[in-house]
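This report is meant for a reader who has not seen the structure before. Please look through the sequence and the model first.

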Amino acid sequence: MRRPVILESTVTCPACGTATAETMPTDACQFFYDCAGCGTLLRSKPGDCCVFCSYGTVPCPPVQADGKLGCCAPPKPEG
Ligand SMILES: [Zn+2]
């Protein structure tokens with residue numbers, strides 16, 4: 001029942017609208033992204049773990065695999 005993880009996400013710049021297809025790393029998240037169109041440094045929105053979850057067409061691989069958000073947020077210690 002494993003679904004294939006999509007590794008390519010198209011990031012759309014909120015400043016200039018440039019959409020760029022990027023290959024996502026499977027073992028890390030990308031907090032910052034340089035827009036190829038206008039050079040704006042994008043950063044993940046509050047509550048999102050990475051720029052792909054904020055601006056991409058596909059959420060990052062850990063989110064796809066786990067089916068939850070905040071893949072990169074460190075787990076809160078219990079108690
Ligand atoms: Zn841009």
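Predicted model: local features only at pLDDT ≥ 70, side-chain atom pairs only at ≥ 80, totals over all residues.

Residues are numbered from 1 along each chain as its sequence is written, and side-chain values use heavy atoms, with hydrogens and water left out.

**Overall make-up**

The chain holds 2 helices and 4 strands, in the order β-β-β-β-α-α from the N terminus. Helices (H or I, at least four residues) and strands (E, at least two) are DSSP runs, numbered from the N terminus. Of the 79 residues in the chain, 28% are buried; buried means under 20% relative accessible area, exposed over 50%, and partly exposed in between (1.4 Å probe, protein chains only). The chain exposes about 5,300 Å², with carbon and sulfur atoms supplying 54% of it. Among contacts (heavy atoms within 4.5 Å) between residues at least 6 apart in sequence, 33% join residues at least 24 apart.

**The zinc site**

The zinc ion has as protein donors the SG atoms of Cys 13, Cys 16, Cys 35 and Cys 38, at 2.2 to 2.4 Å. Donors are N, O and S atoms within 2.8 Å of the metal (3.2 Å for Na, K and Ca); water is not among the atoms, so sites may look incomplete. The arrangement is tetrahedral because the 4 donor atoms subtend angles of 101 to 121 degrees around the zinc ion; four donors count as tetrahedral if all angles lie between 85 and 135 degrees. Along the sequence, the donor residues follow the spacing C-x2-C-x18-C-x2-C. Cys 13 sits in the loop between strand S1 (8-12) and strand S2 (19-23), and Cys 35 in the loop between strand S3 (32-34) and strand S4 (41-43), so this pair ties together parts that are 22 residues apart in sequence. Cys 13 and Cys 35 are both buried.

**The core and its surroundings**

The largest nonpolar core has 16 residues, and those touching the most other members are Val 11, Leu 42, Cys 49, Cys 50, Phe 52, Cys 53 and Cys 60. H1 gives the most to this core, with 4 residues. A nonpolar core is a set of buried Ala, Val, Leu, Ile, Met, Phe, Trp, Tyr and Cys residues joined through side-chain atoms within 4.5 Å.

Cys 50 is in the loop between S4 and H1 and counts as buried because its relative accessibility is 0%. Leaving aside neighbours within four places in sequence, Cys 50 is in contact with Cys 29, Gln 30, Ser 44 and Cys 60.

Ser 54 belongs to helix H1 (residues 51-55) and is also buried, at 11% relative accessibility. The side chain of Ser 54 reaches the backbone nitrogen of Lys 45 at 2.8 Å.

**Loop residues**

Gly 17 lies in the loop between S1 and S2 and is partly exposed, with a relative accessible area of 44%. Pro 25 lies in the loop between S2 and S3 and is partly exposed at 29%. Neighbours within four places aside, Pro 25 is in contact with Phe 52 and Pro 61.

The table gives C-alpha separations for three pairs.

| Pair | Separation along the chain | C-alpha distance |
|---|---|---|
| Cys 50 and Cys 29 | 21 residues | 5.7 Å |
| Gly 17 and Gly 37 | 20 residues | 8.2 Å |
| Pro 25 and Glu 8 | 17 residues | 9.3 Å |

Notes. Tetrahedral: all angles 85-135°; square planar, octahedral: opposite > 155°, others 65-115°. Polar contact = N/O pair within 3.5 Å; in protein donor to acceptor, adjacent residues only side chain to side chain. Areas by Shrake-Rupley, 256 points an atom, 1.4 Å probe, with all protein chains shown as cover.
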